[in-house]
Amino acid sequence: MNFCNFFYLFFWLGLASFAAAQDEAPLDFARHVQPILAMKCARCHGPSSTSGGIAFDTRDRAFAETESGRPAIVVGDPEASSMIERIVSHDESTRMPPEGKPLTAAEVEIVKTWIRQGANWSKHWAYRPLVKPPIPPVNQKAWVANEVDQFILAGLEESQLTPNPIADKRTLVRRAYYNLTGLPPTAAQVTDFENDSSADAWEKLVDRLLESPQYGEHWGRKWLDVVRYAETNSFERDNPKPHVWRYRDYVIRSFNDDKPYDRFLTEQLAGDEAPSPTSDQLIATGFYRLGVWDDEPADRVLAMYEGYDDLITTIGQGMLGLTFNCARCHDHKIDPIPQTDYYQLLTFLRNIRPMSGGGPNVEANLFASEQSKREYEAAVRDRQEQMDVVKKEIARLEEIFTTVTTNEPNKEEQKKGGRNYLTQQIKKRGLEVLGEDEFAKYEAASKMLGELQKEPPVDKALVVKELGIEKPADVFVLKRGTPGNHGALVEPGFPHLFAVPAPTVQPVAEQNSSGRRTALANWITSQDNLLTARVFVNRVWQGHFGRGIVRSSNNFGGLGTPPTHPELLDWLASDFMANGWKIKRLHKMLMLSSAYRMSSNGQEAAIAKDPANDRFWRVDLRRLSAEEIRDSLLAVNGRLNLELYGPSIYPTIAAEVMAGQSEPGRGWGKSSPTEQARRSVYIHVKRSLITPLLASFDFPETDTSCEARFSTTQPGQSFAMLNGQFANEQAAEFAKRITNQVGPTNRDAQIQLAYQLCLNRAVRESELTRAKEFLSEMEQKHQLSPERALEQCCLLILNLNEFVYLD
Amino acid sequence: MTELPRKTFCGRTRREFLWESGAGFTSLGLTGMLSNSGFFDSNVRADEPTFVNPLAPKEPHHPAKAKSVIFLFMYGGPSHMDTFDYKPELYKLDGQTIAVKTKGRGGSKDKGRVVGPKWNFKQYGQSGQWVSELFPHLSNHVDDIAFIKSMTADSPIHGSAMLMMNSGKLLSGSPCLGSWANYGLGSVNENLPGFVVMLDPKGGPISGAKNWSSGYMPASYAGTIMKSQGPPLIDLKFPDGTSPEMRRLLLDKLRESNEEHHATRKDMHDLAARISSYELAFKMQTSAPEAVDLSQETQATLDMYGIGKQRTDDFGRRCLITRRLVERGVRFIQLYSGGAHNDDNWDAHGDLKKNHEYHAGNTDLPIAGLMQDLKERGLLDSTLIIWGGEFGRQPTAEYAEGTGRDHNSYGFTMWMAGGGIRGGQSVGTTDELGGAAVENPFHVKNLHATVLWQMGMDPNRLSYFYSGLEQKLVGVEPIEPIRQII
């Protein structure tokens, strides 16, 4: 049987009946109709093209008379609407769309129903002003813990769904630990919570976890996904970016300090333009240096624009949820983003000094205080003065040397060879020409100069710097995105769909900077910005509930997925801004809701009605992330090293993996076992050599912003978890820990403890029996020592689904 | 955007995919279950497992000529005028400095000292294709080969040029040709990876794993490194002291526990998928070594590939394994000739003669053997072979002395055979020095389009929704396959 056809049959039946059922209830334009128009029509009938005089991007244009004279849409009458005629046509030469898949029967049904119901039209949801919506009324008031629940429950009641009951305490405590810190709780932490019967036990737990430094490590990593964080440049050499780990630490610290999100963004976008920027403000601008960078591009100008594009893509999708990158070569096909918007955004970045492998254009010195800065500067001045003296002395001695040797035949060579030649000559013949005393002086002075030329030790960060405060180079629209193919000149201004005036840009003399990025940051973090808060609260929601209210968290535009709970999203965004963009407050609100605390159990009726859990009738089971899996393996055997911050670490990578490099081992350091036992967030992120265990569990692609990680299941994961050196070492360590705690002989106690450590629960009778059978068979049939048998048992437990999947 | 293929998985956007798979799709294959937190994790029905297997076989857009692709990657950039692009004028100019525009590692130049081709050419086959002395064995197969002598690429620098040849983009982060093939068609053998890469013993190419990355697609579509000696896949071997029986015992107990856990979560199909993936991995521990086990091959076959001879043993083994993988339905196999840096690959900056004699000598017989073997087994018709590097080389010397040539992306030769390619012909030409393509220039994108087309996919329709765009291997603008050779 052809799977695809089978597939379509189901799909067709499902949606057709859905559409029929919607006859009474009016269709939601944004949710049901607009996605179809965007996907199927807008390429030719959209903001950038109005073929036949019709476009489906605004109401006026959609309802306009077409060039053929017949309106595409006749309100209330699908049969009379030429649009319907064209999309259902059996004649391939007239059917719309002219290329590709026609509309499915279900899609046609939706469009028809929508026209029949009056073809109501609304602006794309994400471009509507952000207004705090009223909280909807609900019936089952007892379920409501806070406002979040009102919105969720209203949706459930409307769909006649029942929310799942609150999960048991053991599930909740594991959920909270993993969700906020990415680590499992210890047995004691579980017991503490289970035994705390006070009404605010849950709230206290959430508060405590939000204060733990592991919170920043876990949630900081989510931000690192968004900004395509990696520590090397990619391409041929894939060299390390100097000091970039400080940016990673900055992000972790920011989350731990509960830095307001608007400030967090401002620091990354324009921290350096702040008056007397702090170390953190400078480090934050490393944001601009995180992308791929070709140190030997085939076309330098093109490479420069690729760099801008990388930034516009990341800022656009990461902070604003829009794909401005689609307007690089032409007007956006779907969203109202003309090409000029793209190049206006580029003006804000035009003055940035190009990336380099290191040096003063991309590095800044960091000082803990004004005092230490002054001391450093004094030291540099001192050195300079000393250097002047030493250089004079060297010059004097060189003078003597050249005077003596001036009539020698190799004069030409001497001229050509310059200073290096002279230095060599003096080294060779100085003693003979200058005499013992003077030569000794020369040697001492040379040595001293070498010492003085070394910079005094100072911490550095990878930062953004600009070319100066003069007006930055002109920016033109590039026709077809081709450098040199100039269109109109553009000035700094914001995408016109936001309808805000162009900024007044103030150059920042102190930093020798244009001030344009400050203007950009001010607009992005403004309370009036339509999208910044919506996009971020959606990411936080995704981090708690497994998927965003808008599933396509990097794309809130026409091709994104419409929000399942638009009012909730707007309410959260408004509330977030009104309360100082505080992230921990948002976490707490979401986690204290009943919606968050539901169990993951399946309810037959709900599964039938809402299989995708669109309405949030349960909490979805989730697989742990790559980092959570690796960190958990270390945590359960008691070896996890919780040291915070600092330069990256290098876990051992098998030689056979290294063999894939053009110089095996290049760019990969060696860390001590203790260092290697640190959390995964500190592992060096080398673009061309992602740590295999992390890669196999869907570590994100490093070169572009990642909105949501994949969660694949593949045999390579089983190989890594059963045969891989790391997993086997951890299993052995785990066995050792168990033996240390309960001794080498008591199998019951060993298995009890293993389950407690791994799964935070008591072993069940059936599991105990199974484990003991396993152990004895390993010992008797396979002749394993009791220790080795226990290691195998530990390996088994570490591979349990229950260890890797969280309810 | 609307150029979506009909009734196939591959043209669907992620969102459509989610939407549709929610309607209940039971796949039997299980090479890699895909779910995306936020996208796929809840595609469920109450009663039956709903596996979404990204590598399940899929219908092509049109009937496929090629079921499998073998990409013989001559890493470093072989010299076209010393291999297949006969330039009689160039011999006469040897040593003379002439005006010629070149761009390579050493930058852009307007003149240079000509290096005459170091090997003689002869015409071979009924079709009379020109081949240099470097390939005494391959020259017997020219009637099956279509030479594309007017290839162009966008970069004369290894790093970006490698990315271009493998992923169609100068920047890293995009899926490779092999990923697209598996994304579009799936794999017919669930016991082996669908996209296999076999490296040169000297090392990987520049940028390493970026050259077989699945970019913005899930890791299920990334290339898997396979080795010709020892355990073929990474972490495939049981750890020391673990016997298959011990592992079987562990897997049985693991499955029992996992099934117990799953029993109360029947609708959560990721759990079932993971249970099955352990079984699949166990099967692969037999099937993967079997695929690379050459002990069942006859001596005649081994000889055909040059196995057992010092120079050709390694590449011959990899070629023979490649045939075995093709027989087992592996979709895309990439073999690297040359690795690491400088003369360890075809990057002949210093001594052209030494370099090319070495690399051609290592590969000529094995490639000829592979073609002959595939043909004798009736597999050549359904197997597309691609030969070439990331660019070609310049007609002039790079340095003041020596025969080394710098990189050249303005014009170079690649060839294809089998898989519906019309052999015994050459298309396109470079100028009389071999400096740049002049007649019928073809871009790397045309080559990629040809490969997809022969596999049954329309390169201008095969798309993956990412970053707000229907991304395509060949980019936004429609790209034609090289019609002359198909």
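Helix α31 of chain A covers residues 747-759, 13 residues in total. From its first C-alpha to its last, the helix reaches 18 Å, close to the 18 Å expected at 1.5 Å a residue. The expected span is 1.5 Å times one less than the number of residues. Helices are DSSP runs (H or I, at least four residues), numbered from the N terminus. The model is predicted: local features need pLDDT of at least 70, side-chain atom pairs count only at pLDDT 80 or more, and totals for chains, interfaces and linings use all residues. Residues are numbered from 1 along each chain as its sequence is written, and chains are lettered from A in the order in which they are written.

The buried residues of α31(A) are A:Gln750, A:Ile751, A:Ala754, A:Tyr755, A:Leu757 and A:Cys758. A residue is buried if 20 or more other C-beta atoms, placed from the backbone, lie within 10 Å of its own. These residues pack against several helices of chain A, including α8 (187-195) and α30 (725-742). Just after α31(A), A:Asn760 takes a positive phi of about 55 degrees.

An automatic or database assignment sets the domain bounds. Domain 2 of chain A spans 141-211 + 576-609, and domain 4 of chain A spans 725-806. Their centres, taken over C-alpha atoms, are separated by 32 Å. Eight residues of domain 2 are in contact with five residues of domain 4; contact requires C-beta atoms, placed from the backbone, within 7 Å. On the domain 2 side, α7 (169-181) and α8 each supply at least two residues. The largest share, four residues, comes from α7(A).

Terms used: Buried ≥ 20, exposed ≤ 12 C-beta atoms within 10 Å, placed from the backbone. Contact = placed C-beta atoms within 7 Å.
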